[in-house]
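Subject: Structure handover

Hello,

Here is the structure I promised you. Please open it and keep it on screen while you read my notes below.

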Amino acid sequence: MSLNDPVSVEDAHLARVYSKKPLTIVRGTGCLVYDAGGREFVDCAGGYGTCIVGHAHPRVVEAITRQASKLTSCHGSVYNDARADFVKKLTSIAPSELDRAFLANSGAEAVEAAIKIARKSTGRRQIIAVKGGYHGKTHGALSATWDPKYRKSFEPLLPGFSHIPFNDTEAAKSAVTTEAAAVLVEPIQGEGGVRISSLDWLALLRDLTRDTGSLLILDEIQTGFGRTGKMFAGEHFHVRPDILCLGKGIASGLPIGVTLAGDGLMGSLGKGEHTSTFGGNPLVSAVGAATIDALLEDHLVENAANVGRYFQQGLAKLQREHSVIREARGLGLMLALENRFDVYNLLQKGLDGGVLMLDAGRNVLRFLPPLCLDRSLVDRVVTMLDRLMELEQAARVPGQTIA
Ligand SMILES: Cc1ncc(COP(=O)(O)O)c(C=O)c1O
């Protein structure tokens, strides 16, 4: 391996904070990505869910090229045509009462803004998050993230945060009081293992926050923009939040985070109290607008629902046929296989089989493909998984207890 190849260079000079796979991706198209040698992979990782409309979508390529040759840098303290176009499109697809956006550069930043809006507008300090929840790794977002492995080394985190058990009605009733500024929740926990909130529980959180004068913040950074087969996952639950956090795929992989709220709540932030140098920059905004156009024109939300159902049926069949699989679950194209074994090695075997997948905890395989996935690619993935599960099954000693 040459000292100039990407693996050597990244290993030598980047912070060692990612657990790297031995794969260098150099290009992509639709739901496929390719390594330097031209080897093809079905992309069920989708850049951790940031590739919504497919790699190198012509609309996105055109928007990048057009805007890059026109203007890439323009601070929020002056007006910009690309930013205005994006925010108009964004608020037209968002719940109608959430008509103001704070534009930032990552999901964690979208959460930071939501926490500040909640505290400032209510005058309260308590933020109630959920066990198993994930909201990012900046200090505010990390205070809401549950997993001790992310938190431990950085304590003390922000005061005023607590975590209630997922889908626990009684715990929610006793935690959400008039002291609470907000409840912060993912409708479907992503990093926590693709765990779906119960309809009753999310509805209860909505009622409790309304009754106590606190706010409901939905973190749809992973579930938003059609991922679950609806534009926003809250629609499955008939729940409309006071604040909506978005990120990941809105700008087709370019850095973005969005906090949406109504005029009253957003108006609680005074001038200069919360800003971002890069937030709403023209290039990301143009790509965000093109991504929304592509999402609507290509009917990708409907495709996520339809192909997602087909994919889930394939995963459910695998579950019936392989006892090493505990459960197939998910909504739209946010899917998971919970297994009775540690999946880390399976991710590598998936690469060998031409499929890029994600984990979500020790024993959960997660699938966040672009929303343009089709049935033939699903068949390819399920066939590969069938083979891998067969091997996992064969590797177990009969009668052996597995995790
Ligand atoms: C639900 C949720 N919230 C917040 C984040 C943090 O987003 P980012 O990594 O862009 O800061 C993520 C990232 O995976 C997420 O899935």
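Start at Val194. This residue is buried, because 28 other C-beta atoms lie within 10 Å, and 20 or more is enough to count as buried. Val194 sits in the loop between β8 (188–189) and β9 (195–196). Its backbone is worth a look too. Val194 has a positive phi of about 55 degrees, although it is not a glycine. Please remember that this is a predicted model.

Lys248 is the next stop. Its phi is near 45 degrees, again a positive value in a residue other than glycine. Where is Lys248? It lies in the loop between β11 (243–246) and β12 (257–261). Is Lys248 buried or exposed? It is buried, with 27 other C-beta atoms within 10 Å.

The peptide bond from Glu155 to Pro156 is cis, with omega near 5 degrees. You will find Pro156 in the loop between α7 (148–151) and β6 (161–164).

Now go to Ala233. It is placed in the loop between β10 (215–219) and β11. Ala233 is buried, with 27 other C-beta atoms within 10 Å. Which residues does Ala233 contact, leaving aside its neighbours within four places in sequence? They are Pro187, Ile188, Glu220, Thr223, Gly224 and Thr228. Look at Pro187 in particular. Ala233 and Pro187 are 46 residues apart along the chain, yet their C-alpha atoms are separated by 6.6 Å.

Next, the helices.

Take α9 (residues 199–212) to begin with. It has 14 residues. From its first C-alpha to its last it reaches 20 Å, close to the 20 Å expected at 1.5 Å a residue. Its buried residues are Leu202, Leu205, Arg206, Leu208 and Thr209. They pack against α8 (169–175), β7 (180–185) and β10. Just after α9, Gly213 takes a positive phi of about 70 degrees.

Helix α12 (residues 300–321) has 22 residues. It reaches 31 Å between its end C-alpha atoms, close to the 32 Å expected at 1.5 Å a residue. Among its buried residues are Leu300, Val301, Val307, Phe311 and Leu315. What do the buried residues of α12 pack against? The partners are α11 (282–297), β13 (325–331), β14 (334–339) and α14 (375–395).

That brings us to α14. Its 21 residues should span 30 Å at 1.5 Å a residue, and its end C-alpha atoms are 30 Å apart, which agrees. The buried residues here are Leu377, Val378, Val381, Leu385, Leu388, Met389 and Glu392. They cover an arc of only 105 degrees around the axis, so they lie on the same side of α14. An α-helix has 3.6 residues a turn, so residues three or four places apart point the same way. The face of α14 turned away from its buried side carries exposed residues: Arg375, Ser376, Arg387, Leu391 and Ala394. The buried residues of α14 pack against β3 (40–43), α12, β13, α13 (344–352) and β15.

Ile25 stands opposite Asp35 in β2.

Five bridges join β4 to β12, and the two run antiparallel.

Last, the ligand. How many residues surround it? There are 14, and the closest are Gly107, Ala108, Gly136, Ile221 and Gln222. Helix α5 (residues 107–122) gives the most to this shell, with three residues. By class, the shell has four nonpolar, seven polar and three charged residues.

Best wishes

Definitions and conventions:
Residues numbered from 1 in each chain as written. Predicted model: local features only at pLDDT ≥ 70, side-chain atom pairs only at ≥ 80, totals over all residues. Pairing = 2+ DSSP bridges. Helix = DSSP H or I, 4+ residues; strand = E, 2+ residues; numbered from the N terminus. Near = placed C-beta within 6 Å. Nonpolar A, V, L, I, M, F, W, Y, C, P; charged D, E, K, R; others polar. Expected span 1.5 Å × (residues − 1). Buried ≥ 20, exposed ≤ 12 C-beta atoms within 10 Å, placed from the backbone. Contact = placed C-beta atoms within 7 Å. Arc of directions from axis to C-beta.
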